Amino acid sequence: MEKALKITKVEASIISLMGRLPILSYYATSRGWSFLISWGHRLAGLTLVGYIFAHIYTLSLLFTPATFDADMKFLRTPVFTFLEWALAIPLIFHSLNGGRLVLYELFHVREDEIVIRWMVALGLMYVLVVGSFFIEESAQPSVAPFWSVTVAISLIALLLVFIKIWRTGNSILWKLQRITGAFMIPALLGHMLFMHMNYLTGHDSKTILLRIQNPYIKGMDLVFIILLLFHAGYGIFSIITDYISQGPVLKSLTFLVIAIMSISAYFGIRLIVAL
Amino acid sequence: MSTSYTITLDINRYDPDTKLSWVQTYRVEASAILRFVDVLRKINDEQDPTLAWSSSCEHAQCGSCGVIVNGKPLLACELLVKDGVGQFKTHTFKLKPLTIAPVLRDLVVDLEKAYDRVHKVRPWLIKPASPHPDGDEYRISPKTLETYSEATRCINCFCCAAACISTHHHFLGPNASMANMVRLMDPREMARGERMDILYREDGVYRCHTAKACSFVCPKDIDVSHFLALGKEGRF
């Protein structure tokens, strides 16, 4: 059972301030903060899904590197740079909250308020670190060690969740959702950090093409796109089934989600293989 | 002498004969320690005898007076006017029927329909174990009992189900799922296979998203999400 957490004065002030905002105060009073975090998880997830599509599109421009570089140059305005950095917020929130859910649901971690406190602290740190990379733009990542460690952590997370969950009688798709999520928490957070360590890493066609032609990176990207789109598709399906009862509307929407994710996967895989 | 408040109640009304729905506003002078069931009765006595609402024990034991007050599902017999004012920081309260079953009239919902979900999990001992050879009783160790006795406090008021983020199109609901969990944790239950099938059925426990609104609103202070998570964890 959960024990009440002693909150600091700073935390109390933040909660009180947030509790005065119109929609937040309504749901915080009527359903609790965890309910709001769940909605935040959904909205962050949907934002990331939108970004995946945009990401596949921009990467497809790499077929004509000059167009890609011109677009990246065009996007290098303060507004787009800010938005690119701001993407770290839904990413870290969705990732860490996903981790919290895995800990609560599968590993019996009931000190949920402490986990949320860590979530906020680590989230802030991550957003600031990504922001510092945007300002500095000169960090030099060592590709092999960085990705070796990141992939190792991702595989360990995947394995731990797989061992814990696989024998349970939960729906297979639900289990895969948790397993893919566990893999992507470290992998995607690492990906965003890596891509923004300096400007060229994520915005220069030559640098990207050189990296993507490495069979190891190509393999990683293929795994990424498949896991990501499955995770996104099941997440959206899960939200839809909460609000739409049985019937043709549910079937049509399910078909639509599968179709969109499959088409995106096809283009994404084709892109990675061809580049 | 206790303080009194002038409170405004915006109540969702529904007439099954005309199928008309509307919101009706009542202004009530209420003592601070009146419960919301008392306020509703006061409206019946002094302003509008046609307003329908339900209650039975009025001691938070039967769960029949569940309503949604300013978005929060709760028992009208438990909420004092002063607590309502303090909790929601307002003197205006919007009262709606629980969203877990069709509305029969005003704040009264079809609890029979709501209970269908609970009945699906067969919340009794399907196959009871034999009693102890020395007597009629079945002995359960205090340590075992402690793991699930909290969940046995559930009165099926459906407040958790009304608050649940998963709604109830494809989910049995928190209270019904927990009722199954109680029997899974009960050493007297021998029909474990059937219980596991119920636990993991298509509208079973994995449809819970751990938003924990169930634990937040539970009038009996049961940490419902803890019990549901045990199912997802594969504890059994």
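Guide: Ala60(B) is partly exposed, with 16 other C-beta atoms within 10 Å. On this scale a residue is buried if 20 or more other C-beta atoms lie within 10 Å of its own, exposed if 12 or fewer, and partly exposed in between, with C-beta atoms placed from the backbone. The model is predicted: local features need pLDDT of at least 70, side-chain atom pairs count only at pLDDT 80 or more, and totals for chains, interfaces and linings use all residues. Residues are numbered from 1 along each chain as its sequence is written, while chains are lettered from A and ligands numbered from 1 in the order in which they are written.

Ala60(B) is not a glycine, yet its phi is positive, about 55°. Ala60(B) sits in the loop between helix H1 (36–46) and E3 of chain B. Helices (H or I, at least four residues) and strands (E, at least two) are DSSP runs, numbered from the N terminus.

Asp106(B) is also not a glycine and has a positive phi of about 45°. The loop that holds Asp106(B) runs between strand E6 (103–105) and strand E7 (108–109) of chain B. Asp106(B) counts as buried, with 24 C-beta neighbours inside 10 Å.

Next, the domains. An automatic or database domain assignment provides the bounds; for chain B it gives domain 1 (4–109) and domain 2 (111–233). The contact takes 18 residues from domain 1 of chain B and 14 residues from domain 2 of chain B, where two residues are in contact if their C-beta atoms, placed from the backbone, lie within 7 Å. On the domain 1 side, strand E3 (66–69) and strand E4 (72–75) of chain B each supply at least two residues, and E4(B) gives the most, with four residues. By class, that side has eleven nonpolar, five polar and two charged residues. Ala, Val, Leu, Ile, Met, Phe, Trp, Tyr, Cys and Pro count as nonpolar, Asp, Glu, Lys and Arg as charged, and the others, Gly among them, as polar.

Last, the contact between the chains. It takes 27 residues from chain B and 27 residues from chain A. On the chain B side, two or more residues come from each of helix H2 (81–88), helix H7 (192–199), helix H8 (213–217) and helix H9 (224–233). H9(B) gives the most, with four residues. The side of chain B that touches chain A has eleven nonpolar, eleven polar and five charged residues.
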